[in-house]
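Biologist: I have a model open and would like to learn how to read it. Where should I begin?

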Amino acid sequence: MKGRTFVLCFISAILLTLAAMIALPAVALLGMRAPPLTPATPPLLQGVKAAGGWFSEGCRDPAAATVFAGLREAVSSDLTARLASTFPAGSEADALQAALLAQGFRMKEPCRDDPAVHRAAFVQTGGGLAFPVRAVVAWKRTATGQIEWVKGFVSYQGL
């Protein structure tokens with residue numbers, strides 16, 4: 001009986017140690033409060049997927065084109081489709097810009113190689129286990145103020 005009691009105590013000690021090794025970090029993670037995503041994700045970006053490739057932000061930089069030769073632009077098909085359905089080619093560029101600013105985007109400088117290409121960026125911080133989003137919308141504005149094309153770029157910043 002003494003041997004069996006010793007084995008049971010030994011196995012119990014091992015199980016308790018393993019439980020503590022697993023449970024304590026889990027409790028610590030749950031107890032830590034991750035900062036919320038700031039600013040909140042705007043409707044335009046909710047659920048959009050990122051795409052692999054060159055995050056050009058809509059600019060055709062000749063120097064970068066040689067570095068990234070063979071890579072496609074990392075255009076988010078989800079975001080670009082949303083933008084094109086609301087602001088198709090020929091619609092007012094000012095309306096697109098106003099809509100982006102209303103959802104928390106901030107204007108960036110136009111592209112150096114083509115000043116008709118305008119851009120707005122949305123950058124989120126915080127989130128902990130939820131990944132913050134970074135998005136850039138680029139559009140080409142015609143001389144008469146219409147949209148020639150629009151593209152959306154999305155990336156999620158994680159561990």
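Predicted model: local features only at pLDDT ≥ 70, side-chain atom pairs only at ≥ 80, totals over all residues.

Biologist: Which residues lie nearest the centre of the largest pocket?

Modeller: Cys59, Asp61, Cys111, Arg112 and Asp113 lie nearest its centre, and they belong to a lining of 13 residues. By class, that lining has seven nonpolar, five charged and one polar residue.

Biologist: Now the overall layout. In what order do the elements of the chain run?

Modeller: From the N terminus the order is α-α-α-α-β-β-β-β, that is, four helices and four strands. For contacts, one looks at how far apart in sequence the partners are. Here, among contacts between residues at least 6 apart, 59% join residues at least 24 apart.

Biologist: What share of the chain counts as buried?

Modeller: Of its 159 residues, 29% count as buried. Buried nonpolar residues whose side chains touch can be grouped into cores. The largest nonpolar core has 19 residues, and Leu100, Phe105 and Trp139 have the most contacts inside it. Helices H3 (77-86) and H4 (93-102) each give two or more residues to this core, as do strands E2 (117-123), E3 (133-141) and E4 (147-156). The largest share, four residues, comes from E3.

Biologist: Is there one core or another apart from it, and what residues does the other include?

Modeller: Another core, of seven residues, lies apart from it; Cys59, Cys111, Val117 and Ala138 are among them. Beyond four places in sequence, Phe105 touches residues including Pro42, Leu44, Leu45, Leu100, Phe122 and Val137.

Biologist: Which loop holds Gln124, and is Gln124 buried or exposed?

Modeller: Gln124 lies in the loop between E2 and E3. Its relative accessible area is 4%, so Gln124 counts as buried, the cut-off being under 20%. For a polar side chain, look next for a polar partner. The side chain of Gln124 reaches the backbone oxygen of Pro39 at 2.8 Å. Leaving aside neighbours within four places, Gln124 is also in contact with Leu37, Thr38, Phe131 and Val133, among others.

Biologist: And Gln146: which side chain does it meet in a polar contact?

Modeller: That of Glu92, at 3.0 Å. Gln146 has its place in the loop between E3 and E4. Beyond four places in sequence, Gln146 touches Gly90, Ser91, Glu92, Ala93, Lys140 and Arg141.

Methods: Residues numbered from 1 in each chain as written. Heavy atoms only, no water. 1 Å grid on protein atoms, 1.4 Å probe; cavity = no way out; pocket = protein on both sides within 12 Å on 5 of 7 lines; lining within 4 Å. Nonpolar A, V, L, I, M, F, W, Y, C, P; charged D, E, K, R; others polar. Core = buried A, V, L, I, M, F, W, Y, C linked by side-chain atoms within 4.5 Å. Buried < 20%, exposed > 50% of the residue type's maximum accessible area, 1.4 Å probe, protein only. Contact = heavy atoms within 4.5 Å. Polar contact = N/O pair within 3.5 Å; in protein donor to acceptor, adjacent residues only side chain to side chain.
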